[in-house]
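Subject: A structure for you to explore

Hi there,

Here is the structure I promised to pass on to you. Please open it beside this email and follow along as you read.

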Amino acid sequence: MQRMKRVYAKPKAMTEVPFPYCPGCSHGTIHRLVAEVIDELEIADRAIGITSAGCSVRNWRQFDCDMVMALHGRGPAVATGLKRAQPDAVIFTYQGDGDMAAIGTAEIVHAASRCERITVIYVNNGVFGATGGQQAPTTLIGQPTTSYPAGRDPRTSGYPLKMAEMLSTVSPESYIARASVHNVKNIIKAKKAIRKAFLVQIKDSGFGLAEILAACPTNWRMDPVGCMDKIKSDVIAYYPLGEFSSQMKLNPEESLEQSEGENRDRPGTL
Amino acid sequence: MKVARQKKDRVIFEKKLMRGNEAIGAGAIRAGCRFFFGYPITPQNELFEYMAQMLPQAGGTFLQSESELSGINMIYGASAGGGRCMTSSSGPGFTLMGEGLTALATAQLPAVVVCVTRAGPGLGRIASAQSDYRLATRGGGHGDYQCLVLGPASSQELYDLTYKAFDLADQYRNPVIVLSDALLGQMMEPVATGHLPRIKALQKEWAVRGKGTNPRKVIKVAPHTDEELIDWNRQLKKKYQMMKENEQRHEALLTKDAELIVVAFGSTARIALDAVLHAREEGIAVGMFRPISLYPYPDKALNKITRQGTRKLLVVEANNGQMVEDVRLAVDGSAEIAHYGFGGGYIFSPDEIYREIVGYSKK
Ligand SMILES: Cc1ncc(C[n+]2csc(CCOP(=O)(O)OP(=O)(O)O)c2C)c(N)n1
Ligand code: SF4
Ligand SMILES: [Mg+2]
């Protein structure tokens, strides 16, 4: 019998430990992209990942490289110290929007302004997932959360933070991009953004950050498919995709902006 | 007392005149500290600036962090990467480091943290005080963790004990606090530096550097399961008990026949010593006990002294009596305890302590 060709496998930089995430959660997709990039860049032996508080708090179990757990929001400071001690290591933080855009705002702004040679994977799912769906700094106007069940009202809790844009203004030596994982086409682009966010560090040309728009079906109180549609229609409308600061310009045909007539495949079919 | 003997010391090693804050920096670099992350605050700025100038010359990294919160977390990262590292602050910043201290202790990462105490509470003022005793010895961060705390009393001790702090931190894989104050920090005294060996890079087998061809390492600040949590806390407890057993340090002077003993640490011990010697000259049977390790408190030695007959202890400190609790626990009812001092911002005169000794000895 002819052996079947293997066309798809678990990335090497990923352990056998299954994901703990809810069905339809984007964290798993994003983890996989990070691991694929680590494989492709052949950096697993010198990569050090830094975890954050959030649903991904224990993702040291999934990434098969050295890992350090950081406290809520402090990943970029930990990465800064670690990079000084181990300048040849490739260091990445994996942070949610509560972690990076709320409690850890000071740490990320200054790491970006110092153009630290680190890579930040910033997962913007618009809520505090781990603590039960409270409002995040990124929650859209009108979006209900357990903090504000009637929806976010800018008069009481301000406007959603656009971290990629904001950080690009303070980080001249950097690669900062926003991508999404709501369909296959965008997942491929998100991987490119993650790859460049690593490359900018590896080439010692600057700070790297990939903001990834993500779904939290559990706390959005929506089914996974509905979540992907919401990202496409509402979330991207507020958080445009693209590169905001780039030491690593993409070719025009590789642009991260959303294009017309995208195929509608869902994550998980990759 | 070492402080008193200093004048008579034979000069074996060349001494340099150093401000206390600089002596900390010099001791740190001698001990192989190569990473300093900190945020400016008076009265520790001379230390910060010493590191800014000297650490790059020693091939190290100095980085001004955006806050003490970030600073202590940078320490966490550098320590995870195997570096000997230090940060320093004063009360308002030291408070912010509580988060990082509990994390370092939990992840079992060595680090040296210096608090050059100023008078609080709140923003306070930059005048000297010892009012961060409780914060240093009891924590500041959450959970059942414990830092080692050293309380130097001279520029020489700031140098020596900072050096020692790095060894202890590595030995126990635990943060060590050097509790200084504004007075010690600003005071200039001769410091011998050559007697301690110069430490270069150390290999720490547990540090992360990228797994290479080895199995990967994970530095954790949280256990994964309930069982791991229980096991973790048991192990930490064992370590803290070992620290408590083995790391008690103190100095006792004229205690053998003393009816009354002054208990004081740090800069206050320097002032109190004058008062004690004065009272001795006046025929009062007074002695001096100086804890050098503030955690663990040298309770074995103090207990022994009171069990041998000393009936009265006068605790003098520039705070509202934060150390009294430790003294009480140490003597366990075997002596009477009085306290003299208040929340800082004020420097004792030897005369007023002398008057307290006289008054208390007559009671
Ligand atoms: C100092 C501190 N405050 C609060 C928490 C509780 N906490 C854990 S995760 C989290 C928010 C996580 O949200 P996010 O970063 O967006 O991650 P997500 O779960 O959405 O992926 C909070 C508030 C904590 N761990 N530490
Ligand atoms: S709560 Fe949200 S972010 Fe957390 S695992 Fe579930 S879907 Fe993902
Ligand atoms: Mg989130």
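Let's begin inside chain B, where 33 residues of domain 1 are in contact with 28 residues of domain 2. Please keep in mind throughout that this is a predicted model. To find the two parts on your screen, colour residues 10-246 of chain B as domain 1 and residues 251-361 as domain 2. Their centres, taken over C-alpha atoms, are separated by 28 Å.

How much area is buried between domain 1 of chain B and domain 2 of chain B? The value is about 2400 Å², and carbon and sulfur atoms give 50% of it. On the domain 1 side, B:Gln130, B:Tyr133 and B:Lys244 supply 30% of the area buried against domain 2 of chain B, more than any other three residues.

Six salt bridges are counted between domain 1 of chain B and domain 2 of chain B. A salt bridge you can look up is the one where the side chains of B:Lys300 and B:Glu245 meet, at 3.1 Å from N to O. Several elements of chain B each supply at least two residues of the domain 1 side, among them α8 (155-172) and α10 (226-246). By class, that side of domain 1 of chain B divides into 17 nonpolar, eight polar and eight charged residues.

Now for the place where the two chains touch. Here 33 residues of chain A are in contact with 30 residues of chain B. About 2700 Å² is buried between chain A and chain B, with carbon and sulfur atoms giving 60% of that area.

Three salt bridges cross from chain A to chain B. In a salt bridge between these chains, the side chains of A:Arg74 and B:Glu99 meet at 2.7 Å, N to O. The count of residue pairs in polar contact between chain A and chain B is 19. On chain A, the elements that give two or more residues to this side are β1 (47-51), β2 (66-69), α2 (75-85) and α4 (105-113). The largest share comes from α2(A), with seven residues. The side of chain A that touches chain B has 17 nonpolar, five polar and eleven charged residues.

Next, the ligands. Ligand 1 has 16 residues around it, of which A:His27, A:Asp97, A:Gly98, A:Asp99 and A:Gly129 come nearest. A polar side-chain atom of A:His27 lies 2.8 Å from an oxygen atom of ligand 1. Backbone atoms take part as well: a polar backbone atom of A:Cys55 is 2.8 Å from an oxygen atom of ligand 1, and a polar backbone atom of A:Asp99 is 2.8 Å from an oxygen atom of ligand 1.

Ligand 2 is surrounded by residues of chain A, including A:Cys22, A:Cys25, A:His27, A:Cys55 and A:Cys216. Which helix gives the most to the shell around ligand 2? That is α8 (residues 217-220) of chain A, with three residues. The shell around ligand 2 holds six nonpolar residues, five polar ones and no charged ones.

Over all chains, the count comes to 29 salt bridges. In one of them, the side chains of A:Glu165 and A:Arg178 meet at 2.5 Å, N to O. A:Glu165 lies in helix α6 of chain A and A:Arg178 in strand β7 of chain A, so this pair ties together parts that are 13 residues apart in sequence.

Finally, some details of the backbone. Most residues other than glycine have a negative phi, and most peptide bonds are trans. Against that background, a cis peptide bond joins B:Thr42 and B:Pro43, with omega about 10°. B:Pro43 is in the loop between β2 (35-38) and α3 (45-57) of chain B. Another cis peptide bond joins B:Tyr295 and B:Pro296, with omega about -5°, and B:Pro296 is in the loop between β14 (293-295) and α12 (299-307) of chain B. A:Asp204 has a positive phi of about 55° although it is not a glycine. You will find A:Asp204 in the loop between α7 (184-202) and β8 (207-213) of chain A.

Happy exploring!

Definitions and conventions: Residues numbered from 1 in each chain as written. Chains lettered and ligands numbered in written order. Predicted model: local features only at pLDDT ≥ 70, side-chain atom pairs only at ≥ 80, totals over all residues. Heavy atoms only, no water. Near = heavy atom within 4 Å. Helix = DSSP H or I, 4+ residues; strand = E, 2+ residues; numbered from the N terminus. Nonpolar A, V, L, I, M, F, W, Y, C, P; charged D, E, K, R; others polar. Domains from an automatic or database assignment. Contact = heavy atoms within 4.5 Å. Buried area = accessible area lost by both parts, 1.4 Å probe. Salt bridge = Lys/Arg side-chain N within 4 Å of Asp/Glu carboxyl O. Polar contact = N/O pair within 3.5 Å; in protein donor to acceptor, adjacent residues only side chain to side chain.
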